[in-house]
Amino acid sequence: MKYLILALLLVSALFTACADNEKGASKEGSEMEYTIKKETLFDGSVAIALPEEDVIPYHEKAYKYLSKENGKVHYYYDSSIKNPGVDTVISWSCTHEDITGYTVEYGVKEDFSEVFRIETTEASIALNNLYKDTTYYISVVAHGTSESYGVKGSFKTTALGPRVMTVDGIYNVRDIGGYKTDEGKTTLQGMIYRGGQMDGTYVDEPVNITEKGIDTMLNVMKIKHDMDLRGANEQELPQKSPIPGVTFKRYGFSGYNTQVDTESGKENLRAVFSALADPENYPVYIHCQGGADRTGVLCFMINALLGVDINDLIHDYEFTTFSLYGTRSTTSGAYLPYQDKIRVLLNKFDGETLKEKVENLLLYAGVTPEEIASIRSIMLGE
């Protein structure tokens, strides 16, 4: 109960009113270990090692935080963690010595009708940016000088926490979808991503998306709209997105200082949520500088509007702790007074639930019922 009360400083105070097994496949950087099952197909020439447990594609400390009931995120902070994403390594072996290479296909459809395909001479691959709470099907074909040999299998990713994204050159990127709502639905993944800036510096750390990162944005995340929450008063801001071919707009969202008692404050909210109501803008990449505070508040509001549980909202906000941008805690630290501003703001509006309060705030700011309905329809796949 103590944790709940403290966590409500972010917003939830609102609710006071209302075949062989072997150990191995440790994932570099996370220290996680999985029990491995070996599955073979066809003539037994190829064996693939797959995790039996749900795959945890992020750092072990993040996993411990998410797994701990009422866990306090600052206890798990580690300044060496700049990005929490950890590759999932899948390996295989072949009894034949004349193998010249492998074709690997993986995807979420059991019939392999939609797959990522990799050609390699190595006997393993490292996967990242996997959907959360999802079964993946994988096929490995070993090409010999005269014959080919194949194996198929599957593994599942965890439902715990956010879908963490690895985008080369930038930090704190994750998908805000994949969460259960109060109506028993699941918000769609691959629609709204949140993260840090794509060009600039943070303290003395250069932050610049690489060509590899841009390729991830275009071909994995398929970003269409770059939603930059930074304001016009922030110097040397880019005038266009580093991602070619996407639409770009700067919104000047105030984050913790969001106000609805001024016309400019209302205009900011209307602009953001009007953009989110347009299905042509999806998938969207939302960011400010660190993707922590302005981005954190906005994504909190979006998922609250969708009916995501308060514990998931808090976990998503606090997950920034496992990035370059440092601790964001709802139970202690420098950000509590800022979080309290949002609590006070939302408490001005009627509603027995956080979902209702956010909706009433947006309606007061001039976001239309049709726009709210459109956001829900987009994110719930209706």
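Modeller: Let's start with contact, which means heavy atoms within 4.5 Å. Helices (H or I, at least four residues) and strands (E, at least two) are DSSP runs, numbered from the N terminus. The model is predicted: local features need pLDDT of at least 70 and side-chain atom pairs count only at pLDDT 80 or more, while totals for chains, interfaces and linings use all residues. Residues are numbered from 1 along each chain as its sequence is written, and side-chain values use heavy atoms, with hydrogens and water left out.

Biologist: OK, what do the buried residues of α7 pack against?

Modeller: They pack against α5, α6 and α8. In α7 (residues 336-346) the buried ones are Leu 336, Gln 339, Ile 342, Arg 343, Leu 345 and Leu 346. Buried means under 20% relative accessible area, exposed over 50%, and partly exposed in between (1.4 Å probe, protein chains only). Helix α2 also has buried residues, namely Glu 60, Ala 62, Tyr 65 and Leu 66, and they pack against α6 (310-318).

Biologist: What makes α5 roughly perpendicular to α8?

Modeller: The axes of α5 (residues 294-306) and α8 (residues 354-365) come within 7 Å and cross at roughly 115°. Axes are lines fitted to C-alpha atoms, for helices over the stretch in contact, and angles run from 0 to 180 degrees between N-to-C directions. Under 35 degrees is roughly parallel, over 145 roughly antiparallel, 65 to 115 roughly perpendicular, and the rest oblique. Therefore α5 is roughly perpendicular to α8.

Biologist: How do you know which hand the crossing of α5 and α8 has?

Modeller: A crossing is left-handed if the near helix is turned anticlockwise from the far one by less than a right angle, and right-handed if clockwise. By that rule, α5 passes α8 in a left-handed crossing. The contact includes Phe 300 and Met 301 of α5 and Val 358 and Leu 361 of α8. By class it has eight nonpolar, no polar and two charged residues; Ala, Val, Leu, Ile, Met, Phe, Trp, Tyr, Cys and Pro count as nonpolar, Asp, Glu, Lys and Arg as charged, and the others, Gly among them, as polar.

Biologist: What about α4 and α8, at what angle do their axes cross?

Modeller: Roughly 110°, with the axes of α4 (residues 263-276) and α8 coming within 9 Å. That value lies in the perpendicular range, so α4 is roughly perpendicular to α8.

Biologist: Why are β6 and β9 said to stand at the edges?

Modeller: The open sheet has four strands in the order β6-β5-β8-β9, with antiparallel pairing. Each of β6 (116-120) and β9 (148-156) has a single partner strand, so one side of each lacks a neighbour in the sheet. From one strand to the next, the twist averages 15°.

Technical notes:
Two strands pair if DSSP finds at least two bridges between them.
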